[in-house]
Amino acid sequence: MKSLKRYTQTLVCSVGLLAVALLAGCGGGGDQGRDPILGLPAATLVSLAVTPPAPGIALGATQQFNANATFSDGSTQAVVAAWSSATPAVATVAAATGLATGTGVGSAVISAAYNGKTASATLTVTPAVLLSIAVTPQAPTVQIAATRQLAVVGTYSDNTTLDLTASSTFVSATPASATVSTGGLVSGVALGTSVITATSNGKSAATTVTVPAATLTSIAVTPAAATVLIGGQQQFVATATYSDNSTAFVTGSATWTSASPSIATIAGSGMATGVAAGTATITATVGAKSGSAALTVSAIVLPPVALPVPLGGAASFAVLAGTSLTNNAGGTTLITGDVGSPSQTTDPTLAAGYTNYKSGAILSGALADLQTAISNANGRSCDVSFAGGVDLGGQTFAPGVYCYAGAINITGTMTLSGPGVYIFRTALTLNSTANSIVALSNGATAANVNWLPVGPTTLGANSVFKGTILGQSAAITVGDNTTLLSGRVLTAAAVTLRNNQITK
């Protein structure tokens, strides 16, 4: 009879006949009197239980909880309860559905309430776990004897990303066409394709490398002539030209020699060191092709080869936008330097001692001096010129003026080596991928690094960028959590920031 009564009661409730349902004892704990249909005592709510009782999830993951009611007639039923979390900093829970999400490492008590009864379970949240990895760039082309740096980015259960290149292992499926080093540096060997697979913490991802049929026609070494002091160093760069008129940096795969090692020595990386006064011929060889440059070693102090780009009144600004500045509300952007823009959504946080200018002579003068600085940098002769675009990732550069007709991209890590002025100009866009790095070595300083894109600039999330971006009339977008320690973002157009640290 108990089962028949519960069946009848459930059937009536499900039909939704309000008046009959009320008589049948539908809802919370049921009728405390007698069932008006069967004449039996109505079942009452005795207890509530939450399942699962003690689950564990990773940070950022979810856990579905359920509430089950037990009645005085021994029956059980899943019920729609009201949910809450005792520690939202560790886990939140949707009040209507019981779906919990891990928000911090630790334990949180998840409670359900239904018709005066409560029950709970303890949810343990562990550190975020790696969900997947991705290899960038996808489907790159690498010329014979050229190299290309791959990067591995991991995505975790809390939606954060991390550069896992250094901890990944790489395998080339067809090393006869392309090889890959333990650090993810791909080298073109011969015509064909090869699938490069990266593995990290049990996760794998791949990219297909294509080595085109073009043959190597010449090698050029830059700078063509350089001077250092005894004991000083000079980074040389080897550039290959192919039968299809394409070019590629082959500094890392070239064989370097010095015709006069008593005057200057040369390392396999293309870094030369002055030994004694005189001139030495530095040669880079790839296959049957060679190119040379002259290195003069001087015993006296020389004046600087190039003067820094004069910023004038713009030098005090870490962020300067001629039209508008967009910064995310509630973020963690911190600017060490002046900020200037006539229109701003949310004022970024400034370090002590700096000012945010929204109008006036100082802002106008800085924007005018920016254009003067751009003209100065654009008026300098190119030490290296390319008719197309370039990916600077995996390459090492000496001071000089580098001019590209196509877009400049930075994947992985690029290195600037040696003291002096660096100018990178592009007729199109400047872009860096997530987790990319601009590194400085052997005396290179960010104050002397200048980027001059004609088109927009986009810096990838979590990247580390160095130097001053001088935008003549195009927007600059700085990705989430990107850092420009020792850098500036200056443009006559718009700037977008998101959780960034920028120090001029």
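Ser486 sits in the loop between strand E49 (483–485) and strand E50 (487–491), where strands, like helices, are DSSP runs numbered from the N terminus (at least two residues of type E for a strand, at least four of type H or I for a helix). Although Ser486 is not a glycine, its phi is positive, at about 65 degrees. With 36% relative accessibility, Ser486 counts as partly exposed, a class that lies between buried (under 20% relative accessible area) and exposed (over 50%), as judged with a 1.4 Å probe on protein chains only. Asn499, also not a glycine, has a positive phi of about 55 degrees and is found in the loop between strand E51 (495–497) and strand E52 (501–503). Asn499 is buried, its relative accessible area being 16%.

The model is a predicted one, in which local features need pLDDT of at least 70 and side-chain atom pairs count only at pLDDT 80 or more, whereas totals for chains, interfaces and linings use all residues. Residues are numbered from 1 along each chain as its sequence is written, and side-chain values use heavy atoms, with hydrogens and water left out.

**Overall form and domains**

The secondary structure of the chain comes to 3 helices and 52 strands. The radius of gyration of the chain is 33 Å, whereas a compact globule of 504 residues would have one near 23 Å; this radius is taken over C-alpha atoms, and the globule rule is 2.2 Å times the number of residues to the power 0.38. Along its principal axes, the C-alpha trace spans about 115 × 65 × 35 Å. Of the 504 residues, 45% count as buried.

The domain assignment, whose bounds come from an automatic or database source, gives domain 1 (45–126), domain 2 (130–211), domain 3 (216–298) and domain 4 (312–503). The centres of domain 1 and domain 4, taken over C-alpha atoms, are separated by 49 Å. An unreviewed UniProt entry places the feature "domain: BIG2" at residues 44–124, 129–210 and 215–296; UniProt positions are given in the numbering used here, feature names are shortened, and annotations may be inferred rather than shown by experiment. Two of these stretches are set out below.

**Strand pairing and cis peptide bonds**

An open sheet of 3 strands has the order E20-E23-E24, with antiparallel pairing, two strands being counted as paired if DSSP finds at least two bridges between them. Its edge strands, each pairing on one side only, are strand E20 (216–222) and strand E24 (247–249). Neighbouring strands of this sheet are turned by 25 degrees against each other on average, direction ignored; the axes are lines fitted to C-alpha atoms, for helices over the stretch in contact, and angles run from 0 to 180 degrees between N-to-C directions. Strand E23 (residues 237–242) pairs with E24 in the antiparallel sense over 3 bridges, and Thr239 stands opposite Phe249 in E24.

The peptide bond from Thr222 to Pro223 is cis, with omega near -5 degrees, and Pro223 lies in the loop between E20 and strand E21 (225–229). The peptide bond from Thr136 to Pro137 is also cis, with omega near -5 degrees; Pro137 is found in the loop between strand E11 (130–136) and strand E12 (147–149).

Strand E41 (residues 413–417) is mostly covered, with 4 of its 5 residues buried. E41 runs parallel to strand E38 (residues 396–397), to which 2 bridges join it, and Thr415 in E41 is the bridge partner of Thr396. E41 also pairs in the parallel sense with strand E44 (residues 437–441), over 5 bridges, and Leu440 in E44 is the bridge partner of Leu416.

**The disulfide**

A disulfide, defined here as a pair of cysteine sulfur atoms within 2.5 Å, is formed by Cys382 and Cys403, whose sulfur atoms are 2.0 Å apart. Cys382 lies in the loop between helix H3 (361–378) and strand E36 (384–386) and Cys403 in strand E39 (residues 400–404), so the pair ties together parts that are 21 residues apart in sequence. The torsion about the S-S bond of Cys382 and Cys403 is about -95 degrees, and the disulfide is therefore left-handed. Cys382 counts as partly exposed at 32% relative accessibility, whereas Cys403, at 9%, counts as buried.
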